[in-house]
Amino acid sequence: MQKPLTYLASLALTVSLALPVAAQDTPTVDTVVATVNGKDITLGHMIIARATLPQQYQDLPDEVLYKGILDQLVQQTALADTYEGDLPKRVTLSLENETRSLTAGEVIEGVMAAPVDEEAVKAAYDAQYTDQEAGEEYNASHILVETEEEANTIKTALDDGADFAELAREKSTGPSGPGGGSLGWFGAGMMVPSFEAAVVAMEPGAVSAPVETQFGWHVIKLNETRKTEAPALDDVREELELQVRQTLVQTRIEEITNDADVDRMSEQEIDPALIKNIDWLE
């Protein structure tokens, strides 16, 4: 990945620019924006350079990036043109790795771009939603206080006919107090274990004995329960199609790799620690 020159970050404040080079009627990826010692720099080169910049640079104004990137490419081309002799091993190996990676990426992109079979999407939906048991969701309210004694007093008042929501607004120290103690709907794992265990054991309309958690003492009322419903296929289609494509990619990678003529040296023949010998590349 190319590293942007350090001055690029300050260009927005320090450089006054004209619009880029002489416009052509219909610019393309091959449009030449500069030549250095007879070597062309194209609009395509600039597009790639911009795409590899860190996000904080990509957010700079277009005219700032244009000037900064073109300056960088001109400088790199001029510097590269002065190099004499064979390239160091670290450079040639890096180029080979980058070419290999980008070429393999094109194969993967081809698989990802292929149309997804509707039957595969439906099968993924069935596996994730249809074949799973419906879960339970709970709608509850609570009154939170600091001590067990306070909680017992509140429970007694409720048993004697006090209104739960009014008591919650008056007594609860929790953020749900002003709303009558309502916690809305929640499913398994969304509440602390002791609170959830009390709710699961209750019948709708019941009020619990005081329950202790790390937040204090709760008196809980279970308002109602419901079964969770699977989403419609179209609501999760994009997610399912991505899953199917990822599975296809992994399958294709394994197929191609298995079909390849591969001869690996064993770890007994090559010491794994040798991959740290960066000095070999100098």
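In which strand is T42 found?

Author: T42 is found in strand 2, which covers residues 39–42; strands (E, at least two residues) and helices (H or I, at least four) are DSSP runs, numbered from the N terminus. The model is a predicted one, in which local features need pLDDT of at least 70, side-chain atom pairs count only at pLDDT 80 or more, and totals for chains, interfaces and linings use all residues. Residues are numbered from 1 along each chain as its sequence is written, and side-chain values use heavy atoms, with hydrogens and water left out.

With a relative accessible area of 13%, T42 is buried, a word that here means under 20%, with exposed meaning over 50% and partly exposed the range in between (1.4 Å probe, protein chains only). Once its neighbours within four places in sequence are left aside, T42 is in contact with V29, D30, T31, V32 and V33, where contact means heavy atoms within 4.5 Å.

Strand 2 also takes part in covering helix 2. The buried residues of that helix are G44, M46 and A49, and what covers them includes strand 1 (32–36), strand 2 and helix 4. Two packed helices are described by the angle between their axes and the distance between the axes. The axes of helix 2 (residues 43–51) and helix 4 (residues 62–81) come within 10 Å and cross at roughly 105 degrees; such axes are lines fitted to C-alpha atoms, for helices over the stretch in contact, and the angles run from 0 to 180 degrees between N-to-C directions. Helix 2 and helix 4 are therefore roughly perpendicular to each other, since angles of 65 to 115 degrees are given that name, while those under 35 count as roughly parallel, those over 145 as roughly antiparallel and the rest as oblique. On the helix 2 side the meeting residues are H45, M46, A49 and R50, and on the helix 4 side L65, Y66, I69, L70 and L73. By class, this contact of helix 2 with helix 4 has seven nonpolar, one polar and one charged residues (Ala, Val, Leu, Ile, Met, Phe, Trp, Tyr, Cys and Pro count as nonpolar, Asp, Glu, Lys and Arg as charged, and the others, Gly among them, as polar).

A second pair of helices can be described in the same terms. Helix 6 and helix 10 pack at an angle of about 105 degrees, with their axes 9 Å apart, and that makes helix 6 roughly perpendicular to helix 10. From helix 6 the contact draws on E118, A120, V121, A124, Y125, Q128 and Y129, and from helix 10 on R237, E239, L240, E241, Q243 and V244. These residues divide into seven nonpolar, two polar and four charged.

R237, found in helix 10 (residues 237–259), is partly exposed, with a relative accessible area of 22%. Not counting residues up to four places away in sequence, R237 touches E118 and V121. R237 and Y125 are 112 residues apart in sequence, yet 8.4 Å apart in space, C-alpha to C-alpha.

Y125 and Y129 form a tilted pair, 5.3 Å centre to centre with 40 degrees between the planes. Because they are four residues apart in helix 6 (residues 118–130), Y125 and Y129 are separated by about one helical turn, and both are buried. Y138 and F186 also form a tilted pair, 6.2 Å centre to centre with 35 degrees between the planes. This pair links distant parts of the chain, with Y138 in strand 3 (residues 136–145) and F186 in strand 4 (residues 182–187), 48 residues apart; Y138 and F186 are both buried.

L183 also lies in strand 4, and at 26% relative accessibility L183 counts as partly exposed. Its contacts, not counting residues up to four places away in sequence, are A140, S141, H142, S176, M191 and F195. L183 and H142 are 41 residues apart in sequence and 7.4 Å apart in space, C-alpha to C-alpha. S176, which lies in the loop between helix 8 (164–171) and strand 4, counts as buried at 12% relative accessibility.

Methods:
Rings of Phe, Tyr and Trp (its six-membered ring) pair if their centres lie within 6.5 Å; planes under 30 degrees apart count as stacked, over 60 as edge-to-face and the rest as tilted.
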